[in-house]
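Subject: Structure for you to look at

Hello,

Here is the structure I said I would pass on. Please have a look at it first; my notes on what was found follow below.

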Amino acid sequence: MDATAFIRLDTSSYSVPPRYASTCLTLVADDACVRLLDGSQEVARHVRCWGRRQLVEAPEHREALLALKRHAREPKGQDRLRAAVPGVEALFTRWVEAGRNVGSLTARTLRLLDTYGPSLLAEAVSEVLQRGTHDPGALAAVCEGPAPAPPPRSPPRHPCP
């Protein structure tokens with residue numbers, strides 16, 4: 001078993017639950033099935049793939065791996081935002097639902113926090129959520145506020161006759 005929670009048989013890779021990454025499992029294969037055992041307990045079962053260099057992955061193994069990754073990355077930046085910006089959890093939820101890169105968006109939002117402060121960012125988060133969006137560009141635009149009006153133009157000078 002490798003560190004990515006896949007085991008190789010012939011040239012194809014078969015997934016296992018991520019908790020078994022880097023452990024020793026028993027592989028039992030026949031013409032139709034590949035099974036992975038921890039002692040006598042079956043931890044994964046796949047239809048045997050006879051193609052070359054195929055990736056055979058169970059959706060539940062992928063979901064468990066994504067959940068572990070989200071949990072591992074979560075604490076630092078997201079905790080700082082949670083402490084400083086009420087309501088930011090709803091923004092995190094929208095990012096996950098939209099399939100966005102939460103780590104990258106968290107980093108961008110932290111830069112907004114450092115630039116504009118917690119109260120202005122909290123107002124921006126509230127406004128962006130009310131608009132039904134989740135884009136960090138929209139957050140930045142709200143933080144920056146409306147563009148300043150251009151300075152008044154001086155009337156043109158005409159030489160006197």
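Helices (H or I, at least four residues) and strands (E, at least two) are DSSP runs, numbered from the N terminus. On that basis the protein chain reads β-β-β-β-β-β-α-α-α-α-α-α from the N terminus on, with six helices and six strands in it.

Two notes on the source. This is a predicted model, in which local features need pLDDT of at least 70 and side-chain atom pairs count only at pLDDT 80 or more, while totals for chains, interfaces and linings use all residues. Residues are numbered from 1 along each chain as its sequence is written, and side-chain values use heavy atoms, with hydrogens and water left out.

The chain as a whole

The protein chain has 161 residues, and 33% of them are buried (buried is under 20% relative accessible area, exposed is over 50%, and partly exposed is in between, with a 1.4 Å probe and protein chains only). Its accessible surface comes to about 10,600 Å², and carbon and sulfur atoms hold 54% of that (areas are from the Shrake-Rupley method with a 1.4 Å probe; for residues, only the protein chains shown count as cover). Of the contacts with a separation of 6 or more, 46% are between residues 24 or more positions apart, a contact being heavy atoms within 4.5 Å.

The strand part

Leu9 is in strand 1 (residues 6-9) and counts as buried because its relative accessible area is 16%. Apart from residues up to four places away in sequence, Leu9 touches Tyr14, Leu27, Ala29, Val34 and Arg48. One of these, Arg48, has its charged end over the ring of Trp50, 4.0 Å from the ring centre (for this, NZ of Lys or CZ of Arg must be within 6 Å of the ring centre and within 35 degrees of the ring normal).

Leu9 and Arg53 are 44 residues apart in sequence, and their C-alpha atoms are 9.7 Å apart in space. Arg53 belongs to the loop between strand 5 (41-47) and strand 6 (55-56). Arg53 is exposed, at a relative accessible area of 65%, and has a positive phi near 55° although it is not a glycine. Ser22, in the loop between strand 2 (12-15) and strand 3 (26-29), also has a positive phi without being glycine, near 60°. Ser22 is exposed as well, at 53%.

Glu42 is in strand 5 and is partly exposed, with 32% relative accessibility. Beyond its neighbours within four places in sequence, Glu42 is in contact with Arg35, Leu36 and Leu37. Its C-alpha is 9.8 Å from that of Leu27, at 15 residues' separation in sequence.

The helix part

The buried residues of helix 3 are Val88, Leu91, Phe92 and Trp95. They fall within an arc of 100° seen down the axis of helix 3, so they line one face of the helix (the arc is that of the directions from the helix axis to the C-beta atoms).

How many aromatic pairs does a search of the whole structure find? There is one. It is formed by Phe92 and Trp95, whose ring centres are 5.5 Å apart and whose planes are at 50°, so the pair is tilted (rings of Phe, Tyr and Trp, the last by its six-membered ring, pair if their centres lie within 6.5 Å; planes under 30 degrees apart are stacked, over 60 edge-to-face, and the rest tilted). Phe92 and Trp95 are three residues apart in helix 3 (residues 88-97), which means about one helical turn between them. Just after helix 3, Gly99 has a positive phi of about 75°.

Thr109 lies in helix 4 (residues 102-116) and is buried, at 0% relative accessibility. Residues up to four places away in sequence aside, Thr109 touches Leu81, Trp95, Leu121 and Leu139.

Leu121 is one of the buried residues of helix 5, along with Ala122, Ala124, Val125, Val128 and Leu129. These cover an arc of only 165° around the axis, so they are on the same side of helix 5. The face turned away from that buried side carries the exposed residues Ser119, Glu123, Gln130 and Arg131. Just after helix 5 comes Gly132, with a positive phi of about 85°.

Regards
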